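Here is a short briefing on a protein chain. Look at the model, then read on.

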Amino acid sequence: MEMFFWKKNRLVDQFAKTLADDLFSYLQPAVVEGYFAKAAGKAAGKLPAAQIADLERRIKDVVLKVQHFKTQQSLGIYRKARLHLIFTERLKELGFSEPVAQEINKIILLQTP
């Protein structure tokens, strides 16, 4: 049993915030919102195919990073929940709308064990 459990919590928090910052540096909130609006069938501005491919690739990169971190750190259920909560909150702080932040989190949650 890890005696100083809060050290791992800090590690999880730092990883989640860094991951959200990294995603924000590559993808602007307006572009991501347009992508998810188009995916939901709502009328939205057309996004170029290259921009769509880049967005999907960046989200897959985030999924792979989360998957690697979860297995490397052998996170339990509470720390996994903490990771997703901090990640979503940081996305909202950076300017993503709540539905978009939840949708990105949902994609990551469904594709990582």
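Is Leu 109 buried, partly exposed or exposed? Leu 109 counts as partly exposed, because its relative accessibility is 46%. Buried means under 20% relative accessible area, exposed means over 50%, and partly exposed lies in between (1.4 Å probe, protein chains only).

This is a predicted model: local features need pLDDT of at least 70, side-chain atom pairs count only at pLDDT 80 or more, and totals for chains, interfaces and linings use all residues. Residues are numbered from 1 along each chain as its sequence is written, and side-chain values use heavy atoms, with hydrogens and water left out.

**Overall picture**

- The protein chain has five helices and zero strands. Helices (H or I, at least four residues) and strands (E, at least two) are DSSP runs, numbered from the N terminus.
- Of the 113 residues in the protein chain, 38% count as buried.
- Among contacts in the protein chain with a separation of 6 or more, 71% link residues 24 or more positions apart. Contact means heavy atoms within 4.5 Å.

**Confidence**

- The protein chain has an average pLDDT of 88, and 88% of the residues score at least 70. The pLDDT is the predictor's confidence in each residue, from 0 to 100.

**H3 against H4**

- Helix H3 (residues 49–73) packs on helix H4 (residues 77–93) at an angle of about 150°, and their axes are 11 Å apart. H3 is therefore roughly antiparallel to H4. Angles under 35 degrees count as roughly parallel, over 145 as roughly antiparallel, 65 to 115 as roughly perpendicular and the rest as oblique.
- Axes are lines fitted to C-alpha atoms, for helices over the stretch in contact, and angles run from 0 to 180 degrees between N-to-C directions.
- From H3, Val 62, Val 66, Phe 69 and Lys 70 meet Lys 80, Leu 83, His 84 and Phe 87 of H4.
- By class, this contact of H3 with H4 has five nonpolar, one polar and two charged residues. Ala, Val, Leu, Ile, Met, Phe, Trp, Tyr, Cys and Pro count as nonpolar, Asp, Glu, Lys and Arg as charged, and the others, Gly among them, as polar.

**H4 against H5**

- H4 and helix H5 (residues 98–111) pack at about 150°, with axes 9 Å apart.
- The H4 residues in contact include His 84, Phe 87 and Leu 91, and those of H5 include Ala 101, Ile 108 and Leu 109.
- By class, the contact of H4 with H5 has six nonpolar, four polar and two charged residues.
- Leu 109 sits in helix H5.
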